[in-house]
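My entries follow the structure.

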Amino acid sequence: MHFDEYKKKTIFVTGAASGIGQAQAIAFISQGANVLGMDLDAVGLAETAEKAKNATGHFSSYVGDVTKENEIISAIEKANGLFGMIHILLNTAGILDNYAPTLETSEELWDRVLSVNLKGTFLVTNQILPQMLKQKHGVIINMASIAGMVAGGGGAAYTASKHAIIGYTKQLDHDYIKQGIRANAIAPGAIQTPMNAADFAGDGKIAEWVANETPAGRWAKPEEVASLTLFLASENADYIHGTVMTIDGGWLEK
Ligand code: NAD
């Protein structure tokens, strides 16, 4: 896929140190975009920078927490200083709850999962949206999950957070569509990333079970989600608003 439109565009990606966020960052940099990746994981961000080294666009990173407004503001200032106004926001950072049912979910776990997955998305969006409104244009893509649509893709906290991200995304688009903003969510199924390392550990039986339960019969690579993101953020997708794009090997068709 080749998109001329991303050349010198500024993309802000959370969770850019690993898995899907890293693949999204690399995909945009490969199209000539300038990407600021924000993540807690400095080592992973350095790995993203290394992978982006020979691409046409530029990568810079900010080690910070999406639940902390002051760190978000500093990351945005860095992006603006290096690359100018932000055109596209990918809210990808997220954590899993190890499939804990509600009675096994402590208040601490509930708060942490909701805080990173949902509040982080809200906080980052609220800090970047004003500069998109000034430009009368902006694209926001929030990372949901099949756990945002059905049970079984996470535990109580994760599933609640991903359902809420979908609601938030629809309302965001609804409220700002007339001002040039386009917000959508992506709902991946089984994507092989460090988040799912436990499924592949040991004899790998859990990973095998997941693949067998998936109609396509396999896990996907994070690059497949990144390709969907390239399309969804592009002008080709200009009429796609406030919706959820599933990329799940047919999981939800069952
Ligand atoms: P991952 O664990 O490989 O990457 C997540 C990244 O988010 C990590 O680099 C982590 O350091 C970062 N992060 C976590 N908390 C943070 C915080 N407070 N501030 C900043 N960064 C933080 O996981 P992944 O599989 O790439 O997941 C990315 C997103 O995709 C998540 O929102 C996840 O819920 C969603 N998702 C993943 C799958 C899958 O199968 N892998 C399926 C559906 C949805």
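**Ground rules.** I am working with a predicted model, where local features need pLDDT of at least 70, side-chain atom pairs count only at pLDDT 80 or more, and totals for chains, interfaces and linings use all residues. Residues are numbered from 1 along each chain as its sequence is written, and side-chain values use heavy atoms, with hydrogens and water left out.

Entry 1: I looked up which residues surround the ligand.

**Entry 2: polar atoms.** Next I checked distances. A polar backbone atom of Ile20 is 2.7 Å from an oxygen atom of the ligand. In the side chain of Asp65, an N or O atom is 2.9 Å from a ligand nitrogen atom. Lys162 has a polar side-chain atom 2.9 Å from an oxygen atom of the ligand. On its own, the ligand has 820 Å² of accessible area, and the protein covers 92% of that. Such areas come from the Shrake-Rupley method with a 1.4 Å probe.

Entry 3: Which pocket does the ligand take up? The space it takes is the largest pocket. A pocket is an open set of points on a 1 Å grid over the protein atoms alone, with protein on both sides within 12 Å along at least five of seven lines. The volume of the largest pocket is about 970 Å³. I counted its volume as the space filled by probe spheres set on the points, joined across faces, edges and corners. Its lining has 45 residues, and Gly94, Leu96, Tyr158, Thr193 and Met195 lie nearest its centre. Lining residues have an atom within 4 Å of a point.

**Entry 4: the cavity.** How many cavities of 30 Å³ or more does the whole structure have? I found 1. A cavity is a set of grid points where a 1.4 Å probe fits but cannot get out. The largest cavity has a volume of about 40 Å³. Its lining includes Thr14, Val66 and Asn91. By class, the lining has 4 nonpolar, 4 polar and no charged residues.

Key. Polar contact = N/O pair within 3.5 Å; in protein donor to acceptor, adjacent residues only side chain to side chain. Sits in = over half its atoms within 2 Å of the grid points. Nonpolar A, V, L, I, M, F, W, Y, C, P; charged D, E, K, R; others polar.
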